[in-house]
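Me: Before I use this model in a calculation, I would like to go through a few of its local features with you, one question at a time.

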Amino acid sequence: MRSKLVVGNWKMNGGLVANAALLGALTTGWRAGPERLLAVCVPYPYLAQAQALLAKSPVAWGAQNVSEHASGAYTGEVSAPMLAEFGCRYAIVGHSERRQFYGDTDGVVAAKAVAALAAGITPIVCVGELLGERESGVTEAVVLRQLDAVLAQVGQGADRIVVAYEPVWAIGTGLTASPEQAQAVHATLRERLAVAGAGDVAILYGGSVKADNAGALFGMPDIDGGLIGGASLKAVEFLSIARV
Ligand code: PGA
């Protein structure tokens with residue numbers, strides 16, 4: 001049976017004081033089991049704080065991005081070996097905000113996934129269609145193109161990735177894909193992953209997940225948990241989602 005995984009994506013939010021309160025509430029409130037896992041992906045400067053506050057807890061942590069390069073003259077970038085030094089278990093790659101605002105192409109996203117795996121970090125590979133793409137009926141083609149780019153590069157590492165399906169029109173908008181819409185895409189992704197020998201990897205759903213819609217989404221057969229933005233900044237709400 002696949003474990004349920006819920007990951008918080010803080011995006012560019014937080015501060016030392018607020019983080020301490022939030023992380024403290026998570027460590028106090030979370031009881032892990034082998035079948036349910038919780039993690040937070042924090043801004044780079046807070047990785048040391050997350051490591052210090054979460055190290056003895058069952059809550060894992062990670063980053064929201066990673067360089068495709070291991071080291072060198074890449075001003076402003078952070079490499080996967082650096083993330084590993086701070087105990088990161090996960091690195092989000094290909095979030096739609098990176099694709100939209102920072103030019104992360106399918107090829108760059110794939111290279112970032114490879115770099116994360118090489119450092120022992122699980123890449124959370126985000127895929128998702130724009131509203132116009134859904135309306136013109138190319139959702140499956142878009143997410144498969146994004147996934148295939150990664151599968152082509154990670155090779156044997158395919159079964160060590162996590163995939164997150166995040167319809168771009170549902171991120172931060174309050175609009176959520178219906179459980180049936182999300183399940184349909186997840187099933188398509190799983191079929192493709194199975195061909196690559198990775199049919200059992202976790203496929204998370206993301207996009208305006210809240211405590212009151214998480215149950216219906218996570219109840220679908222191919223939805224293994226969630227990638228949670230706004231709602232991950234509130235401990236009570238985030239824990240309710242994780243306990244679904
Ligand atoms: P949201 O963000 O939950 O605020 O919609 C999800 C994400 O961008 O990962």
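Predicted model: local features only at pLDDT ≥ 70, side-chain atom pairs only at ≥ 80, totals over all residues.

Me: In which sense do β3 and β4 pair, and over how many bridges?

Reply: β3 covers residues 59-63, and one of its residues, G62, has Y90 of β4 as its bridge partner. Taken as a pair, the strands β3 and β4 run in the parallel sense, and the number of bridges is two.

Me: Which residue of β5 is the bridge partner of Y90?

Reply: β4 is also joined to strand β5, which spans residues 122-127, and these strands run parallel with four bridges between them. Y90, which is the partner of G62 in β4, has a bridge partner in β5 as well, and that residue is T122.

Me: Which residues of β4 point the other way from Y90 and I92, and are the four buried or exposed?

Reply: In a regular strand the side chains alternate between the two faces of the sheet. Strand β4 (residues 90-93) has Y90 and I92 pointing one way, and the residues on either side are all buried; those pointing the other way are A91 and V93.

Me: Is Q49 buried or exposed, and which backbone oxygen does its side chain reach?

Reply: Q49 lies in helix α2, residues 47-54, and it counts as buried because its relative accessible area of 14% is under the 20% limit. Leaving aside residues up to four places away in sequence, Q49 touches L16, N19 and A20. Its side chain also comes to 2.9 Å from a backbone oxygen, namely that of L16.

Me: What is phi of K11, and why does K11 count as partly exposed?

Reply: Most residues other than glycine have a negative phi. K11, in the loop between β1 (4-9) and α1 (16-29), is not a glycine, yet its phi is positive, near 55°. K11 counts as partly exposed because its relative accessibility, which falls between the limits of 20% and 50%, is 21%.

Me: Where is S208 found, what is its phi, and is S208 buried or exposed?

Reply: S208 is found in the loop between β7 (203-206) and α9 (211-218). Although S208 is not a glycine, its phi is positive, at about 55°. With a relative accessibility of 9%, S208 counts as buried.

Definitions and conventions:
Residues numbered from 1 in each chain as written. Heavy atoms only, no water. Buried < 20%, exposed > 50% of the residue type's maximum accessible area, 1.4 Å probe, protein only. Pairing = 2+ DSSP bridges. Polar contact = N/O pair within 3.5 Å; in protein donor to acceptor, adjacent residues only side chain to side chain. Contact = heavy atoms within 4.5 Å.
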